[in-house]
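Hello,

Please open it below and read on with it beside you.

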There are 2 protein chains.
Amino acid sequence: MKFCVDTNEKNSWYIGTNDYGSKMINKFETVMFQGNGYMGMRAVAEEKQLHEQRDMFISGTFDAFPNEVTELPNLPDLINLEIKVDGQPLCLKDGYVENYHKSLNLKNGELTRTFDWIINNKAVHFNYRRFISMYDKHLFVSQVEVSSAQDELNVQLSSGIDGRQSNDESQHLMEGDKRLYDGQYIQMQAETQQSHIDFVFNVRHKIYVDEVLLSDKPYINMSRRQIFGNYNVDLQAGQTLTFIKYANVYTSIDQDADPNKLTDDSVAALKRASLSNYNESLQKSDRVWNHNIWQKNYVQIDSEDEKPQVAINFARYQLAANTPLDPRMNIGAKGITGEGYKGHTFWDTEIFMLPYYTFTMPDVAKNLLTYRYLGLQGAHKKAQGNNYQGAQFPWEAADPTDGETAPLWGSADIVTGKPMKIWSGFIEQHVTSDIVIAIMDYLHATGDQVFADDMGYEIILDAAKFWSSRLEYNEEQDVYEINDVIGPDEYKEHADNNAFTNYTAQWCIQKAIKVYNLIKEENPELYLKLSNKLNLETTYESWINQVNRIYVPQPNIEGVIPEDDQYLSLKNVDVSKFQVNDQISTIFKTYNLSQINQMQITKQADVLLLIYLFENMFDDNIKQSNWNYYEPRTTHDSSLSQSIHSILASDLGLNDEAYKFYEMSCETDLGIHIGKAIRGLHMAACGGLWNMTVEGFGGVRIDNGKLRIEPHLPASWNSLKYQINWQGSTVRVGIDGEKMFVQVIGDGIEFVSYGREYQVPANGSLEIELPVEETVTD
Amino acid sequence: MKFCVDTNEKNSWYIGTNDYGSKMINKFETVMFQGNGYMGMRAVAEEKQLHEQRDMFISGTFDAFPNEVTELPNLPDLINLEIKVDGQPLCLKDGYVENYHKSLNLKNGELTRTFDWIINNKAVHFNYRRFISMYDKHLFVSQVEVSSAQDELNVQLSSGIDGRQSNDESQHLMEGDKRLYDGQYIQMQAETQQSHIDFVFNVRHKIYVDEVLLSDKPYINMSRRQIFGNYNVDLQAGQTLTFIKYANVYTSIDQDADPNKLTDDSVAALKRASLSNYNESLQKSDRVWNHNIWQKNYVQIDSEDEKPQVAINFARYQLAANTPLDPRMNIGAKGITGEGYKGHTFWDTEIFMLPYYTFTMPDVAKNLLTYRYLGLQGAHKKAQGNNYQGAQFPWEAADPTDGETAPLWGSADIVTGKPMKIWSGFIEQHVTSDIVIAIMDYLHATGDQVFADDMGYEIILDAAKFWSSRLEYNEEQDVYEINDVIGPDEYKEHADNNAFTNYTAQWCIQKAIKVYNLIKEENPELYLKLSNKLNLETTYESWINQVNRIYVPQPNIEGVIPEDDQYLSLKNVDVSKFQVNDQISTIFKTYNLSQINQMQITKQADVLLLIYLFENMFDDNIKQSNWNYYEPRTTHDSSLSQSIHSILASDLGLNDEAYKFYEMSCETDLGIHIGKAIRGLHMAACGGLWNMTVEGFGGVRIDNGKLRIEPHLPASWNSLKYQINWQGSTVRVGIDGEKMFVQVIGDGIEFVSYGREYQVPANGSLEIELPVEETVTD
């Protein structure tokens, strides 16, 4: 495993680098991203750099630039700080740089950057630190220390709010007033063009020489979309200048703010915040990280290599930094780490990230699912627009009420020269099933009957209503088909009867039938309400009529489930040369999409994803046959592919394969290839990292509604310890090569392991001998 | 005189520099601006650089970003070309740079940049050239040659259309289709948000190795607002790669294009244009520069110092590059050289630039005045909005029908912290007089009766109608006053009876009375038309009633005309320390605007401007008294100040003073101070340069409708030759210390010089002995 960042044997919460060259600039910005779920910033330098991608986002503040789909606006920059030493602007390409080091503390999100800048024969030491608070979600604090042991320095600093930010130059914000309070609090107001969300940004500075606070008010300069405070300090040799920047952001959709008093209240909040110094502010945030995150999702890997532990820390850090805690919002495919996918939410949340939250922070999982409940209106809109019924969830979701937000048109076709239609928003329909899958898992893992009654059952019924209207009756064969879709394998743009889509559609209807019968019997009041709302009687009749005649592709004589009607008859090609992990989209240098459409090439787990999600439907021979058939035909040119393959390989006892895909997945963001680093992280890969660790190697799965724990520890790991939540109890699991130790805090639980059922009493524990695994090595 | 650019004794059409450091980057971008009046580009490097200001504008394509006033959109960039040598991106901050030289040919607008880049032990020679065509106004052509004498090179080039441009991050353009034609013509379409102007940008490349055309089609990559062609070439030592980029732009408001066929027609045009190689294309453009510009405005200075000749060449070059030839458009205060003043037109055109056009290219002057005629609708709108009548011309003008486009709010007041109102658009009213002044000059110089009848007279009458409604009757003193205005001196924000405003208002009404009587008598048809349109009978009565009772401040006992009612009673301070030419707005570091409002401090020629424009109204003693009084109280903190002072000093025989202000004015843009270089050139200073040279030193003036030529040659100049147009004839004037030679091509002319009247017969000439001047030196 090769990482782009340095790690530290003694501190698995550390990622860092001594490299300040321009090639990796965007990669480090992405990987060292800072956020608290509400607000997020890429790890750009304080001073402007060529080819940087300076992004700050606030979750959920979607806006549409004219003629474009909605996206998260890139907000005015608060990080900016331009320093001149003896009149020379700090630029790492000028003079010489020594002892450069930049690192991110994954445990509390503090980013530091230190170096000596040798300029005009003076050596100047810089020490930058900054964090986004987990204690006060609106707050960003940064500090720089400047000193020279040998020389006098004149230091000029310019820092403030720089609104010259945009999304690839699409500007969402209309400029509002720029204000100054008490001569030192600077404020910028702004409003989104189309969604009319108000923003208020505030900054104040404190400046010290050798810990003595200077009382000078800044010289303020303002211009279009800019307001800065300017300072000029003379330092003697050996003196240290400490400059602290306190900044905050409030919006009119904040749950914790009065939209009519944003300007005053936000200044008052910043006044209070700036009473604490940098370290005090950081400590408050640090405590919240510990209490809200680390105490809930403990994972400990004992291995010679520290990178697996760094990777799981990184994944959990990034998930915490990118997950909004407001149910009107969800996790973007790239979180709030970059402009890629416009901050939109995909099935990535339900299939790749929700297992983590469902098992460790069910309250967060509930928020994320509530987002889909709030999205029913948009899902109805989408269904109606396509002449379907029920809830057809959008392929890309932003504000939940918006419905589909996938772009309609992409780049020009190289052959025709004309823009190509983007089909995902129209025919990539399995997301509606994926949401039901996540809800069922959540209900099993938590037993949250309140959520089931309030929201969960309704979503399931409404989703099944969509599928029912979506089915196409094939009179000749008396079956219901689903034609012209994109399945998980996005290389096949107009597939008929994609196995994943058809199986999950049928399963949704089966679940809806169960829910219908359950509530009719056990909760007549709820039944009545939903029956009226969803016209359940008629819908139920359709389900019953359709459910057993839905065409679900069966394994062929070799045990292979056809990915779709066409796939198995397509041309075979050697895919191995495109299975590279260090570049993306290499296949498109050889073939275009319509050519790939005619070949047995799969982008990512499709049939294998079905097998992972519904393992009980298929026996081990079928699983192995499909693995043998599809994996060699898969380019894995999607960050969603590796984790599924790793877990399935664990299940199949292919331990080396499992670890190979695990390593590939770890390298999705942390690896040395640059990829689309400028566009942001792969949040699904972060979720996948936890899934591979806890579901794959740790063996945790929900099996017919029951907890199952069947670990497959990698050969290089001495032990694995993790903590999950099962129906309200905390379950701590420790695994080494031979034994598994299960401890429960809270009510007793039941679980299954290798065919045996176990019970752990309330606040009790249990030790199990693990079966000796056959080691299948290459 | 110190210039930021190098000049060349032997070639006064040359400005250049060996400096590629970052401090002057924006200054050189501005000074070496390229344009053809239709299209303009700042002289940024092909490769992106930190702190660059990359701007391209098309005249007249105004658009308003929500909540902002209209401005010229900064358009997708066509200059871009990123080169990698052996995988290393060209960046002048990496490796070493030798023999760097960048220069602009003022005669044909060609910009060149050459250097050797030493990287990874290879020396690579680069030679860039580019121009905007004067032959085909839509066309931009650039070329780069890359070679290494000693080493093999791999060269990767990426070039295309980069729409990631904006105005300080306000984005005007909605993205349209990106297209590809014949695999090598790349196209980007766009449309302004509010004004709905369509743009089409096209690019194609040709690539040669040692003059052999490579036939490879580019690898195309597209993303948001971007479309690029990519090339990869291996060069042997000694081989030269030549890369030519042809680009064009069309808009839906082009007079020479069919708005419904822009996409196809523009590609067809680029196909035709790309049949010529770089040099052929340049020659076509070169010929048009010669024929349309240089043959019409000849100015030759014989002096030891080459800088005066460079300065006048620079001024004429920039005027040609920034003046649209479409009467719906005008010259912005910063032309199309930067985002300053948003491309808006001010009185700068009429008072500072029109003399040049009226005297050298009357057809251009007519276009510029026609713009004001087309602006009558907007001027009516503005008058009505303020409860006035007639045509109140906007302080800032964009699309002529828009009326006032001055912004309403500026930066926050440092004291109150609240945004300050910008008063110019409300009370800086003298622009309406300035337009009438320019029209009268144009009519005198050209005798263009068609313009007078079609537009000129109507503007004069309508302007006087405004002034009549604007006057405030002071019953006590039985006079008409004009209170609460900003005069030319913008330090005084709410002045009463500003001398310049009151005198010119009265003069406008006097002119209108004359026009009224003239057309009533000589052109009854026109009279009838305008009488109906403007309700002239009633208006005329008001004029007659008001005109002699308008309060025009008279000289006091010392001969000083009070700038306004308050000025002479304000506090006196020492202004000399703020009279610096190397920084702007220095006074605001000592005083704020309300303090300055209470002091006898003047920003720029105000009473002295009145005296310059209406020299016959005041005798020499009054002129001298006001010079003595106001000049020491003037900070000259406006680029409009120096040229007026220089000309007036010439008139007063203060030759050293005249030359001092001349030099200061030359340094406005060409000088070494950085100023607001990022925001663009001072077009009025370019006009002022011609005015100082031809009106001041050359002595040309319109005196009671007659041509007057009374030169005052600077001591350091051996001779001055220039050419003007007088009533359709070309007049060539040559001046040395003792004699003046006047040659006429065309009909004979009359002129006055030092109290004598002269006649030059058709196609004849005349030599006059000049009076010996008293030399007043310090």
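How are H17(A) and H18(A) oriented to each other, roughly parallel or roughly antiparallel? They are roughly antiparallel, a word used for angles over 145 degrees, while under 35 counts as roughly parallel, 65 to 115 as roughly perpendicular and the rest as oblique. Before the details, some ground rules. This is a predicted model, in which local features need pLDDT of at least 70 and side-chain atom pairs count only at pLDDT 80 or more, whereas totals for chains, interfaces and linings use all residues. Residues are numbered from 1 along each chain as its sequence is written, chains are lettered from A and ligands numbered from 1 in the order in which they are written, and side-chain values use heavy atoms, with hydrogens and water left out.

**The helix pair in each chain**

In chain A, helix H17 covers residues 641-651 and helix H18 covers residues 655-670. Helices (H or I, at least four residues) and strands (E, at least two) are DSSP runs, numbered from the N terminus. The two helices pack at an angle of about 160°, with their axes 8 Å apart. Axes here are lines fitted to C-alpha atoms, for helices over the stretch in contact, and angles run from 0 to 180 degrees between N-to-C directions. H17(A) passes H18(A) in a left-handed crossing (the near helix is turned anticlockwise from the far one by less than a right angle; clockwise would be right-handed). On the H17(A) side, the contact is made by A:Gln642, A:Ser643, A:His645, A:Ser646, A:Ala649 and A:Ser650. Facing them in H18(A) are A:Glu657, A:Ala658, A:Phe661, A:Tyr662, A:Met664 and A:Ser665; contact means heavy atoms within 4.5 Å. By class, five nonpolar, six polar and one charged residues take part. Ala, Val, Leu, Ile, Met, Phe, Trp, Tyr, Cys and Pro count as nonpolar, Asp, Glu, Lys and Arg as charged, and the others, Gly among them, as polar.

Now turn to chain B. There, the axes of helix H17 (residues 641-651) and helix H18 (residues 655-670) come within 8 Å and cross at roughly 160°. That makes H17(B) roughly antiparallel to H18(B), and the crossing is left-handed.

**Salt bridges**

How many salt bridges does the structure hold over all chains? The total is 75, where a salt bridge is a side-chain nitrogen of Lys or Arg within 4 Å of a carboxyl oxygen of Asp or Glu.

One of them joins A:Glu458 and A:Lys533, whose closest N and O atoms are 2.9 Å apart. This pair links distant parts of the chain, with A:Glu458 in helix H10 (residues 449-470) and A:Lys533 in helix H12 (residues 524-534), 75 residues apart. A:Glu458 is buried, at 2% relative accessibility, and A:Lys533 is partly exposed, at 48%. Buried means under 20% relative accessible area, exposed over 50%, and partly exposed in between (1.4 Å probe, protein chains only).

In chain B, the side chains of B:Glu29 and B:Arg42 meet in a salt bridge of 3.0 Å, N to O. B:Glu29 lies in helix H1 (residues 25-31) and B:Arg42 in the loop between strand S4 (39-41) and strand S5 (56-58), so the pair ties together parts that are 13 residues apart in sequence. B:Glu29 is buried, at 2%, and B:Arg42 is buried too, at 0%.

Chain A also has a network of salt bridges, which links A:Glu615, A:Asp651, A:Arg701, A:Asp703, A:Arg708 and A:Glu710.

**A buried isoleucine**

B:Ile437 is found in helix H9 (residues 431-446) of chain B and is buried, at 6% relative accessibility. Leaving aside neighbours within four places in sequence, B:Ile437 is in contact with B:Ile351, B:Thr504, B:Trp507, B:Leu613 and B:Phe614. The C-alpha atoms of B:Ile437 and B:Thr504 are separated by 8.5 Å, and the two residues are 67 apart along the chain.

**Two asparagines with positive phi**

B:Asn67 has a positive phi of about 70° although it is not a glycine. B:Asn67 lies in the loop between S5 and strand S6 (81-85) of chain B and is exposed, at 63%. B:Asn763, again not a glycine, has a positive phi of about 50°. Look for B:Asn763 in the loop between strand S31 (756-760) and strand S32 (765-769) of chain B, where B:Asn763 is exposed, at 57%.

Best wishes
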